[in-house]
Amino acid sequence: MTADNAPVIGFIGLGVMGGPMCRNVGVKHAGQVIAFDMNEQAYALLEGTGAQRATSVADVAQRADVVFLSLPGGPQVEQVCLGAEGLSAGSRRPAVIVDLSTTTVASARATAKALANRGIAFADAPVARTREAAQRGELSIMVGADEALYARIEPLLRYMGSDVTRCGEVGCGQVVKLINNALVFENTVALAEMMVLGERAGVQPAVLLDAVSKGSGDSFVLRNHGRKAMLPREFPEKSFPPEYALKDLSYVLELASQTGLAAHVTQLAQRYYTATARGGWGGRYFPSVIEIIDRGDGPAEATGQSGQAHG
């Protein structure tokens, strides 16, 4: 692709994941890249790239052909796409909007329908893996789009991801992403419980993780969240906190309800992360759930002390 035929790419949302993703786009894309974030300090990460600073969402809409979004959730995506000063409000609109955020499935499909009525194609393309993977351009990206749109955006997504998968029509990217996240959060709770159990029974946590990693109990969660956070008990701020986990779990439970599934394991994880957020670890990295388990502060419903499970 040359600069002459490359689309102008817009990028809105330069947060923990969006900033590194936009930087990769700015470095790798042959054409023009324009970025917008409400936080002035967010632009510092783009220094030395080809990305230019936009003045507003409307400015992005006026200039970009394809716009990527990396925002906190569905309400923000809907506002940026459909609001009075959003991407579809003006006379000049982007041809394609690709949402890299995590939203509800219903929100993704409703946004796609509303944008289609305004002549804009929409794909949901939520991302998985760590911030370090985002920095390296090695994210896993799960895409919901028709085949023609996927063929159009897949080369652009590869600026940010080493694994890009079309999961189905619009909304299916979110389905897979939510399931992925639920499995991570649930696995983290299970690993935390077993690490505490192992240590109390006389096995050092480092030895436990090393041994289990060589057997069938190995997992991404063990090798990343277990080794890097739960083993040293380091849970920094400005990482993925329990509040974000709770948002994603609520989306999973909403989808489960809509499809008639009683997602009891997900409900249990939701209660543990609620206890984590309320138990002194709000705003800190979500594997801090091990601290709640270690001191026995899990929710009463989860520990069998009272009542029926509820979501």
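Biologist: Which residues of H7 do Val 105, Ala 108 and Arg 109 in H4 meet?
Modeller: On the H4 side, the contact (heavy atoms within 4.5 Å) is made by Val 105, Ala 108 and Arg 109. Helices here are DSSP runs of H or I, at least four residues long, numbered from the N terminus. The H7 partners are Cys 172, Gln 174, Val 175 and Leu 178.

Biologist: What kind of model is this, and what is left out of the side-chain values?
Modeller: The model is predicted, with local features needing pLDDT of at least 70 and side-chain atom pairs pLDDT 80 or more, while totals for chains, interfaces and linings use all residues. Residues are numbered from 1 along each chain as its sequence is written, and side-chain values use heavy atoms, leaving out hydrogens and water.

Biologist: How are H4 and H7 oriented to each other?
Modeller: H4 covers residues 105–116, and its axis lies 8 Å from that of H7 at an angle of about 160°. Axes are lines fitted to C-alpha atoms over the stretch in contact, with angles from 0 to 180 degrees between N-to-C directions. Under 35 degrees counts as roughly parallel, over 145 as roughly antiparallel, 65 to 115 as roughly perpendicular and the rest as oblique. H4 is therefore, relative to H7, roughly antiparallel.

Biologist: How do the residues of the contact of H4 with H7 divide by class?
Modeller: Ala, Val, Leu, Ile, Met, Phe, Trp, Tyr, Cys and Pro count as nonpolar, Asp, Glu, Lys and Arg as charged, and the others, including Gly, as polar. The division is five nonpolar, one polar and one charged.

Biologist: How do H7 and H8 lie to each other?
Modeller: H8 spans residues 205–213, and its axis is 9 Å from that of H7 at about 125°. Leu 191, Met 194, Met 195 and Glu 199 in H7 meet Pro 205, Leu 208 and Leu 209 in H8; these residues divide into six nonpolar, no polar and one charged. By the angle, H7 and H8 are therefore oblique.

Biologist: How is H10 oriented to H11?
Modeller: The axes of H10 (242–259) and H11 (264–281) come within 9 Å and cross at roughly 155°. The orientation is therefore roughly antiparallel.

Biologist: Which helix gives the most to the lining of the second largest pocket?
Modeller: A pocket is an open set of points on a 1 Å grid over the protein atoms alone where a 1.4 Å probe fits, with protein on both sides within 12 Å along at least five of seven lines; lining residues have an atom within 4 Å of a point. There are 15 lining residues, with Ile 179, Val 252, Leu 261, Ala 263 and Thr 266 nearest the centre. H7 (172–200), H10 and H11 each supply at least two. With five residues, the helix giving the most is H7.
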